[in-house]
Amino acid sequence: MYVCVIGREPLDELSDMVSQHFSPILKHCQDPLPIVDDHPFGSNEMGTLVRVQTIMSFHAVELSFPLAWQSPLWKYKPAHLLSHFLGHEGPGSLHSYLKARGWIIALNAAAQALGRGFAMFKTTIYLTSEGFDNYRSVVLATFKYLSLLRSSEIPAWYQSEVATLSRTHFQFAEKRAAETYAVSIAEKMSWPVPTEKVLSVPVLISEWEDEAGLQEVRDALKDIQIDRGRVVLMAKKEEHERISGELQWQSERWYGTGYIVERWDNEFLAQAQGLNDIQELHLPNRNEFIPTNLEVEKREVSEPHKRPHLIYKTDISEVWYKKDDQFWLPKACVVIDIRSFTASDTPRASVLTRLFSDLVNDSLTEYAYDADLAGLGYNMGAHNLGVTISVKGYNDKLPQLTRRIIETVRNLQVHQDRLEIMKEKLKRHWENFFMSQSYQLSEYYSRHILTHGAWTTEEQLQQLPGVTTDEVKSHIGQLLANVNIRILALGNLYKDQAIGLSKDVERALRSKPLPSTPTDLSLILPYGCNYVWSCPVPNPNEANSALSYYLHLGPLTDRRQRVVGLLLAQMMSEPAFDALRTKEQLGYIVACSQRNLAGDSQFGLRIVVQSERRSGYLEERVEVFFDVMDQKLEKMSSEEFSEFKSSLQQRWREPAKNLGEELSRYWSHIDSGYFDFLRGCEDADLLEKVEKQDVVDLFRERVHPRAKKRAKLSIHLQSQKPRAVQVSAEASKAFKNLLEEARAIDVAAARVEFDEVTPTVTEFINAWQEALAEHGVSSADIRGLVEQIPRLTEQHPVPGEDADGLPAGATRIEDLTIFKAALQISDPPRPLVDWNDLPMPNL
């Protein structure tokens, strides 16, 4: 057993606590973690191609190879260097070669720890349609790159680069949640490493001191051969048969997944085992993004600033900035938000903006990959109002990467082949969205219905096929012609650097200013409404229905309403889970929380349930829960109420753990346009004045089904999959009574039990047939008794099995477009505080 404890208490106190709680555990003098030397890959698995049917629409090929247990090789970590080479995305890489042919969407390679004693090395390649057609060439190219590795001199500087980056990451690691860190360390404590290195070994990699390090890499490569591994080809059944003709499928025993196991032909084996003959492949170049300046200007401060400051403003852009004054790391974060009224004014414009963003990311892959390896990452994403660029990591080369991104945004070359691949990738993503879990879909529709100016995934999918390169180019020009830019810069940057980045952006984009800033707006439900929108779950094989139940509480800008509403949401969270999940066992997915609508101007309370029960029944149980909650609030003691308040205050006042958390907090207020940076602390102070009766009043005014100001919208997603008839508790009781009346068996002694509260009729009949036979009941009597079970299930159905009707007092939404057009639109945001930062403060 291994125990890791992280706490603020002194070490002696923590040691005593561990000794007190864990010493009573008996030691049985057995190895709790035996070493398993046998790898699961045997002769039946090695050298095979396995075709596998998928449910979702995607193409992928995964190559797996047996690998030595890596924990004893902690010093040089040879598998890490192999994954560095095989997963590289820069010039000369396998990724670059396959991408140039239009065959892949993504590639990753890594070692996988499977057990104490063995591991696996996996390379997973997500393919385009053309790549799937040429999967043999993709697999062959992978083995050609591996052949290149085996035949190449691998200079020590490759290991030195990896070691340098590991030292940098370890030295400047940011704080994270104590719970996840403790779990991670406890797992690593079983590694065969010196105790004093347990914290560092998972991260640090040593430079090669002699030939031993290179030899470990060579040894690993020996097993990464086509006749030692297994290749899995994944796609939908029709895609497999499109390229290979009709196939004879086998069915996997647990989930019924279709698969076929094949052996590679001798010709292909000979090619895969041969020398590399692909001229484009070569080992990576040196990484120019490895940071060299890791200095941090640390200034003593009485307390960290609680907000960023506006340090620069023009008619087109504004810069919010905060110098790091608490983490003291050589890192920075920059967010650049570019907004335009043409970004999604039509469904087609929305698709074009998304493709623009995807094409920029695609064109920067080779250039930015080294930066990502060196701890400097970026992302460009599209949204309803435009595009957002975020750059995070070591600040040394951050301006260099940011300038290159902006230049690419302005001067993007749209190529037909890459556009088609991005369209294919986006089409699959949106089609697969409809295969998501039922609750994810109900939550999506719940948000969409209350968002002004949003287009559905279906509407965007309809626009995608006809998009052309000329159309994308024209849209980029229109998008960037008139913009509004907001920038947030945090961390180990000076204000002149932040202002310089803003000027670089303006200079590169050459845009004109907008008369006003585009903003997200929400739709407000009217008082006294009770709406229901329902639709079938798109996946016909999905057994679960879902309910998303939303109650509007009011404007987030009303500080007191917000504080009382968020306190109510916290107080309802655990009771809702306990009632609907634990006690009623409606399903595994049950949650109750606040929901902020688009633009963060309005908020409400949301309950989501996913269950095999019908969604109408789920709504009935949610409303029964509200009666229970009303009584719970009424009877709640002042001590318990104070505990809820203290917990929420602690959460609102808790400082950010790292730069990323700080960025998220500040950006949410800039993005919304309210700039209410001190909201958390001020809400915590106001919470002191909130009484229990305030919460009760809000609940009875806006939440309870009898509330006069209640504004409710529920989304019902109904499963299309027929459910096996189940035996209710009442039907089970009736059958037991029947047995007692017939004096066929001592029911209490039979001890017939089921895993589920409501077993299927088949499970119920089989269990009782077996129990009756064991107690000597004749076959004829057993048959006569169990024949009564279907009748009893009809007389006593499982509650909710037929609850598809409209809840009492509810209005069904027939047309979403007409419904949304009738709702009130929220007011545009306005700054809630005038910070008066300009002219620039002394930062």
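**Ground rules.** I count residues from 1 along each chain as its sequence is written, and side-chain values use heavy atoms, with hydrogens and water left out. Because the model is predicted, local features need pLDDT of at least 70 and side-chain atom pairs count only at pLDDT 80 or more, while totals for chains, interfaces and linings use all residues.

**Aromatic pairs.** I looked up ring pairs and found 23 in the structure. Rings of Phe, Tyr and Trp (its six-membered ring) pair if their centres lie within 6.5 Å; planes under 30 degrees apart are stacked, over 60 edge-to-face, and the rest tilted. I started with tryptophan 320 and phenylalanine 677: their centres are 5.3 Å apart and their planes at 55°, so I noted the pair as tilted. This pair links distant parts of the chain, 357 residues apart: tryptophan 320 is in strand S9 (residues 317–323), and phenylalanine 677 is in the loop between helix H22 (659–672) and helix H23 (679–687). For these elements, helices (H or I, at least four residues) and strands (E, at least two) are DSSP runs, numbered from the N terminus.

Buried or exposed? Tryptophan 320 is buried, at 4% relative accessible area, and phenylalanine 677 is buried at 7%. The cut-offs are under 20% for buried, over 50% for exposed and partly exposed in between (1.4 Å probe, protein chains only).

Next I checked phenylalanine 735 and phenylalanine 764, an edge-to-face pair with 5.5 Å centre to centre and 70° between the planes. Phenylalanine 735 sits in helix H25 (residues 729–742) and phenylalanine 764 in helix H27 (residues 761–774), 29 residues apart. Both phenylalanine 735 and phenylalanine 764 are buried.

I also noted one aromatic cluster, formed by Trp320, Tyr666, Phe675, Phe677 and Trp835.

**Charges over rings.** Here NZ of Lys or CZ of Arg must be within 6 Å of the ring centre and within 35 degrees of the ring normal. Lysine 323 lies over the face of tyrosine 494, at 5.6 Å from the ring centre.

**Sheet.** I traced an open sheet of seven strands in the order S3-S4-S2-S5-S1-S7-S6, with mixed pairing. Two strands pair if DSSP finds at least two bridges between them. The edge strands, each pairing on one side only, are S3 (104–115) and S6 (250–251). S3 pairs with strand S4 (residues 118–127) in the antiparallel sense over 10 bridges. Glutamine 112 has methionine 120, in S4, as its bridge partner.
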